[in-house]
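Please look over the model shown here before reading the notes on its loops, its helix packing and its overall makeup.

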Amino acid sequence: MAEEPNGVPTDAGRRYILKAGLAASILALWQSDPVWALENEMSKETQHRALPSVLTMSDVQTVSLALAHYTEGPLLNGLRKRPGLSPRDRSVVTVAALIARIQSVDMSHHFALALDNGVKPAELSEIITHLAFYAGWPNAMAAVVVAKELFDARSIGVDQLPAAQGNLLPLNEEAENQRATQVGNNFGATSPGLVQNTTDLLFRDLWLRPALVPRDRSLVTVSALIANGQTAQIPYHLGRAMDNGLTQEQASEVLTHIAFYAGWPCAFSALPVVKDVFEKRQK
């Protein structure tokens, strides 16, 4: 491998290291006996079709008996059985959190579980696209690496995926004009490019793509914002989510679920903001 005089690999060397690391990660995703296969919802057929996690429960036990206990008990046999969210919604929230935080190790299993819980391939594809805007392109590309393997394993072709362009959902012109005017007045002089792209790319395009219904698109957005601790954006998007059909009970359960997948601090940081949204809507 070529090196610079100071011993640092050249750009070509760095690319080699990145490619080698990515290849190793992909191979690791195919190891057998996934820890998450203990989930009671998964049938023998589902376990066979899912791409496994890197870790087995035995692996976890060799490092932390307590972690294995909490995984099998409070997480798999506790959280997953709570009634506040359907299995499909839990998968949507989990997938959004994993992509938002680039937690690639668990993506393979949870992407597969999402499909088994009723998330369509087109919807999973669209969630990844949506989060390119709300979590960043590198996050979406990390998800693409895992989803490609899953789609190949299940013979999911491009004919089952959303078109790049096509008919859009109807736009609420009044609400969008009000939003665009407010943002433009506040920030148009600060970053006209960002403001214009927000209007053109997000609210007049991405949010109108029909592969995700507005309620699910909002659920993905809110989940990603909470998982990344971006509390400033939660009031608008949670309000929009509830306007789109997400109930207060479901929104509350999103916090409970996210705590396990993004950590208690992220969930608790969102608590005051979510509480404020709930109280304002009840007035």
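**Loop residues and helix packing**

I102 is found in the loop between α5 and α6, where helices are DSSP runs of H or I with at least four residues, strands are DSSP runs of E with at least two, and both are numbered from the N terminus. This is a predicted model, in which local features need pLDDT of at least 70 and side-chain atom pairs count only at pLDDT 80 or more, while totals for chains, interfaces and linings use all residues. Residues are numbered from 1 along each chain as its sequence is written, and side-chain values use heavy atoms, with hydrogens and water left out.

**Loops**

- I102 has a phi near 50 degrees, a positive value in a residue other than glycine, and at 41% relative accessibility I102 counts as partly exposed (buried means under 20% relative accessible area, exposed over 50% and partly exposed in between, with a 1.4 Å probe and protein chains only).
- S155, in the loop between α8 (137–153) and α9 (173–187), likewise is a residue other than glycine with a positive phi, here near 55 degrees, and S155 is exposed, with a relative accessible area of 61%.
- K120 lies in the loop between α6 (107–116) and α7 (121–134) and is exposed, its relative accessible area being 54%.
- Although K120 and L161 are 41 residues apart in sequence, their C-alpha atoms are 9.2 Å apart in space.

**Packing of α5 and α11**

- The axes of helix α5 (residues 87–100) and helix α11 (residues 214–227) come within 8 Å and cross at roughly 45 degrees, which makes α5 oblique to α11.
- Those axes are lines fitted to C-alpha atoms, for helices over the stretch in contact, with angles running from 0 to 180 degrees between N-to-C directions; angles under 35 degrees count as roughly parallel, over 145 as roughly antiparallel, 65 to 115 as roughly perpendicular and the rest as oblique.
- On the α5 side, R88, D89, V92, V93, A96, A97 and A100 meet R215, D216, L219, V220, S223, A224 and A227 of α11, contact meaning heavy atoms within 4.5 Å.
- By class, this contact of α5 with α11 has nine nonpolar, one polar and four charged residues (Ala, Val, Leu, Ile, Met, Phe, Trp, Tyr, Cys and Pro count as nonpolar, Asp, Glu, Lys and Arg as charged, and the others, Gly among them, as polar).

**Whole chain**

- The chain has 14 helices and zero strands, and buried residues make up 43% of its 283 residues.
- Among contacts in the chain with a separation of 6 or more, 71% are between residues 24 or more positions apart.
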